[in-house]
Amino acid sequence: MPRIKKGNNRQAKKDRSGFTERSKQKLREPTIEGEQYARIIRIFGAENAEVYCNDGITRLCIIRKKFRGRRKKGNELKPNGIILVGLRLWEVVHPKKKPKCDLLYVYSKFEMESLRKNNFVNVFKNETKNE
């Protein structure tokens, strides 16, 4: 690997890894009919999480491969974190099971504050404690 002549060690690592400031990017909002904001209630093993959506329904969120493994560096999923999910409108749901949705975007701490200020998300109003 070539010797780095500018900046300190941390800056060099960020430059090599393709680090970008997410705060400079435009805030991702739901654009299509099946997209909603959701709050993570619980994270299960494998690639599943339980989320509380904007419409008041608790769903099982499928974490896609884009957000797992080595690719999850900037997309840390935590309980009470806000995410953007895509509903599975085409799926037929058994009455005893929870409907499913797919993870589309993970909001950072700074993005969650801007969502809260602009009142985009209803999920903050009904915050419940983890069981």
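Start by selecting residues 82-87, which form strand β4, together with strand β5: the two run antiparallel and are joined by five bridges. Within this pair, find G86, which stands opposite D102 in β5. Helices (H or I, at least four residues) and strands (E, at least two) are DSSP runs, numbered from the N terminus, and two strands count as paired if DSSP finds at least two bridges between them.

A word on what you are viewing: this is a predicted model, where local features need pLDDT of at least 70, side-chain atom pairs count only at pLDDT 80 or more, and totals for chains, interfaces and linings use all residues. Residues are numbered from 1 along each chain as its sequence is written, and side-chain values use heavy atoms, with hydrogens and water left out.

Next, select residues 100-106, strand β5. Why is β5 largely enclosed by the rest of the structure? Five of its seven residues are buried, where buried means under 20% relative accessible area, exposed over 50% and partly exposed in between (1.4 Å probe, protein chains only).

In what order do the five strands close into a barrel? The order is β1-β2-β3-β5-β4, with mixed pairing.

Then look for the largest nonpolar core, which has 14 residues. A nonpolar core is a set of buried Ala, Val, Leu, Ile, Met, Phe, Trp, Tyr and Cys residues joined through side-chain atoms within 4.5 Å. Among those with the most contacts inside this core are A38, V51, V85 and L103. Strands β1 (35-43), β2 (48-53), β4 and β5 each supply at least two of its residues. A second, separate core of nine residues includes L27, L84, Y105 and M112.

For your last stop, select Y107, in the loop between β5 and α2 (109-117). Is Y107 buried or exposed? At 5% relative accessibility, Y107 counts as buried. Leaving aside neighbours within four places in sequence, Y107 is in contact (heavy atoms within 4.5 Å) with residues including L27, Y37 and L115. Zoom in on R28 to finish: the side chain of Y107 reaches the backbone oxygen of R28 at 2.4 Å, a polar contact, meaning a pair of N or O atoms within 3.5 Å; within protein, one must be able to donate a hydrogen and the other to accept it, and residues adjacent in sequence count only if both atoms are side-chain atoms.
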